[in-house]
Amino acid sequence: MPGCAAINCSNSATKGFLMKHFPKDKVRRKLWLIKMKRDDWSPTNYSCLCEVHFGEDMWEKQREDGSRRLKNDAVPNIFSFTKQKTKRKPPAQRQVKSVLNNQISESEEKLQNPSQPIQDVSLVNNLESNQMQMKYESMQKKLLEYEKQYKKTVTKANRFEKELKYIKNKLKISNETKNSQMLNSVFNIDQINALNRNSTKFMKWSNSTVMKALKLKFSCGNNGYEELLQQNIPLPSLRTLRRRLQNLKFGTGILHEVFKFLQIKIETFKDEHEKECVLIMDEMSITPANLFDVSTNQNIGKVTLPKHEGTATNVLVFMLGGITTRWKQTVAYYFTGKSIDGTVYHDIVANIISISESIGLKIIGIVSDMGSSNQKLWKKLNITAGRHGEISNCFPHPLDYNRKIYIIPDVPHLFKNIKNMLMTNKILYISDKIKNLYNLPTNMICSSHIEDIIKFQEKLDFLLVPKLSEQDLVPNHFQKMKVGKSTNIINHDVCTALRFLSEELNKPEYITTAWFIDIVDKWFTLMTSRHPVLALSKLKPEMYESSITFLKGFIDIMMDIEVGYKRTWKPSQKGSILATSSILDIQKIYLDEKGFHFILTSRFTQDCLENLFSVMRTKNIVPNALQVKNNLKLLSVSQYLKDISKGNYEEDDRTFLSGFLDTLKDSNPEDKKFENIQLPQEIKEPNMNLCNGELNSFYNVCGYILFSIKKKTTTCEHCLISVGSSKCINASFSKLTKLKRFKKGCLFFCNELTFNFFLAMEQIFRKYYNIIKNKNCDIKQFLICKVKEVEVSHIPNCHKLQNHIIKRFILFRLKIAGRKNTKLLNKYGSKSIACHA
């Protein structure tokens, strides 16, 4: 055990002194430090004080076992620099001068003085002397009692004064701690120091504060950032930010300065797995322009790609992205023209790989789209995949021939290409081998089957596939680039709808198209997994083997498919085969050789680079070369790769806007009432002859509403059993819901009584909605009141389940009706024409 931490004290446990550790409580520890008066010193977990520094009033009573313990609020109070309290001598016994003493002295004088006559001496001695003596003794006793009470009062007052001082110090320390914690949660240390200064001039800002300021500057622009400074937020000035960035040239080509920053970042990695990464490359369109760059005093806007010339129309960006942790960093960029010879990428990629390996990174793959320039690079690297040849998806590592670098076409791009391949060519063919293997009725996959779904549900209120529309079948150029538009066609709902219609309309050929959509949807899910549940992992052997078998089967399917009436081979087939085979090879390396628990396949896509492009496009949809350079520079330094909210911020100094929010509540009109609504005397009963398809869709909606109530509101088993369960029922209207469920128990099936209640609510909705939709009233509350008139006896009232069902259904139904009206307005161009139609 170490010696005593007090100044000028060398006591220790080896010398026989009792040592006491510093308390773990921050407040008490700080009090001990204040008492010690030892500057520029902080205790460790092993620091101690010896028993000499604690007064007797700081110890508990001695225990039976002889051990000594400090009190819970004990504080050291004896040090070499403290004055020793000298013990006071007990006060001398005071003599009370009374009238009796005076009289006694006078009588003695009279006795000693014989000249004075003595009268009745015996009477004075016997009477007065006895009475005065008794008074004297009683007063002396009272005086002693008063002295004792005074001492006790003074002792209590001193103790209370010490306790008050201790409580004040403790309260002050706790307030300081709370304030510091609150400030630390919002600001950095240098920002807190800036708050205590009158000015931020000559302030030395930390790197983290500069990064934070760069993020804010990029998010809200110069005007927004200056507004933050005017609000006295402790941030660096715009001039400081420009000065910190002026040495970073950020010219086109490989960014060697960024690699220096990246090397510092790599040193903070906790394990070697974080160094595993992929190289991602992609292009973005820019506005052709030849502009003057102040930072270099040169014009910018020409093509900078080696062996190419002309005015730049695109920017090619190279980015490194982590596999185990989602770090990313732009490492190179070039301005390119319209036509590119992709073979020049070879030297650029080789240089980036060698520099990355020199700072400790380990690149396992290159991710790119299916552009023509990228395919030229693949051709130079002997990367190929075809129906009649072997799959070559990798090339030797430039620095280590025992390792390989895999080519991974971007899966989201492939997903869009596969959808466009089906919709553009109208028909795909599969061989008899695949047909018999998967028990399919025909060899044809037709896009017309998807069109039949739209025609079938065109006039239905409850759709088999709510997100599918005619715009998805014939998208424009920009809609083709969106993954969301492709998922509207290739998803589980479309697959389920085709299987349902194959039985409903007796068209077995729909089954083959449904099978293909289901296969592609599952492949896309596995190849873009973002959660360990869907990741490739050997922790769940059955699920892992099933996923690997499926991916291998998908390669065989894409090898077998013939596109269009000419039965051709498409690049999207080649890309999907290369991507799938590369993922299969990479997962073997990571799971078998390097001991990874799982692999998130989304880390092998261009998502992080697409995110960077989306942030760069927020201010200018098609930026010019100078804007691209400045934005890349700012984003690379601040590492701000999150999408920001779109909006237009303009300055407005008008003072009348300051109280606008306070007046909103007062300016609201009174609640709209519906008691005085005039309804027609005769209201026709709506047509409730729903076809089997719409009836199945309506039943699926009922189950969805009940499942959402089960999930989001408080219910009991008694309530849920009364309306349905997760067990399917054998009815003609429940076929679609059976087809939609992935596994048992994942969907909710309402019973027939509850389904009849939903049908009754639908009838009331159709009866009154067209009458009151344009009335100045609370439409939702009106319909709820009408629906509550329906008698329902099988639903218990313990958790107000019936009210929840009514409110959810009416709200859902109003949203569906609103979307239908919006589609009519968009179709006919104006409200008047839509009404006439």
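Ser368 has Pro409 as its bridge partner in strand β11. Helices (H or I, at least four residues) and strands (E, at least two) are DSSP runs, numbered from the N terminus. The structure is a predicted model, in which local features need pLDDT of at least 70 and side-chain atom pairs count only at pLDDT 80 or more, while totals for chains, interfaces and linings use all residues. Residues are numbered from 1 along each chain as its sequence is written, and side-chain values use heavy atoms, with hydrogens and water left out.

**The sheet**

- Seven strands form an open sheet with mixed pairing, in the order β3-β8-β7-β4-β9-β11-β10. The edges are β3 (253-254) and β10 (394-396); each has a single partner strand, so one side of each is left without a neighbour in the sheet.
- Two strands count as paired if DSSP finds at least two bridges between them. Strands of a sheet pair through backbone hydrogen bonds, either parallel or antiparallel.
- Strand β9 (residues 362-368) and strand β11 (residues 404-409) run parallel and are joined by four bridges. Besides Ser368, whose partner is Pro409, Gly365 has a bridge partner in β11, namely Tyr406.
- On β10, the pairing with β11 is antiparallel and has three bridges. Phe395 is bridged to Ile405 of β11.
- Strand β4 (residues 276-285) pairs with β9 in the parallel sense over five bridges. Cys277 has Ile363 as its bridge partner in β9.

**Burial of the strands**

- Buried means under 20% relative accessible area, exposed means over 50%, and partly exposed lies in between (1.4 Å probe, protein chains only).
- In β11, five of the six residues are buried, so the strand is largely enclosed by the rest of the structure.
- In β9, six of the seven residues are buried, so β9 too is largely enclosed by the rest of the structure.

**Salt bridges**

- The whole structure holds 17 salt bridges. A salt bridge is a side-chain nitrogen of Lys or Arg within 4 Å of a carboxyl oxygen of Asp or Glu.
- Glu357 and Arg403 form a salt bridge at 2.9 Å, N to O. This pair links distant parts of the chain, as Glu357 is in helix α8 (residues 345-358) and Arg403 is in the loop between β10 and β11, 46 residues apart. Glu357 is buried at 17% relative accessibility, and Arg403 is partly exposed at 26%.
- Lys485 and Asp472 form a salt bridge at 3.9 Å, N to O. Lys485 belongs to helix α15 (residues 483-487) and Asp472 to helix α13 (residues 470-473), so the pair ties together parts that are 13 residues apart in sequence. Asp472 is buried, with 2% relative accessibility.
- Lys740 and Asp493 form a salt bridge whose closest N and O atoms are 2.8 Å apart. This pair also links distant parts of the chain: Lys740 is in helix α25 (residues 735-740) and Asp493 is in helix α16 (residues 492-504), 247 residues apart. Lys740 counts as buried at 10% relative accessibility, whereas Asp493 counts as partly exposed at 30%.

- A patch of positive charge on the surface is made up of Lys148, Lys151, Lys152, Lys156 and Arg159. Patches consist of residues with over 30% relative accessible area and no salt bridge; like charges are joined within 9 Å, and nonpolar side chains (Val, Leu, Ile, Met, Phe, Trp, Tyr) within 5 Å.
- Lys and Arg count as positive and Asp and Glu as negative, while His and the chain ends are not counted. A charge is placed at NZ of Lys, CZ of Arg, CG of Asp or CD of Glu.
- Accessible areas come from the Shrake-Rupley method with a 1.4 Å probe, and for residues only the protein chains shown count as cover.
- Arg159 lies in helix α3 (residues 121-186). Its relative accessible area is 40%, which is partly exposed.
- Tyr166 is also placed in helix α3, and at 22% relative accessibility Tyr166 is partly exposed. Tyr166 and Asp73 are 93 residues apart in sequence and 9.5 Å apart in space, C-alpha to C-alpha.
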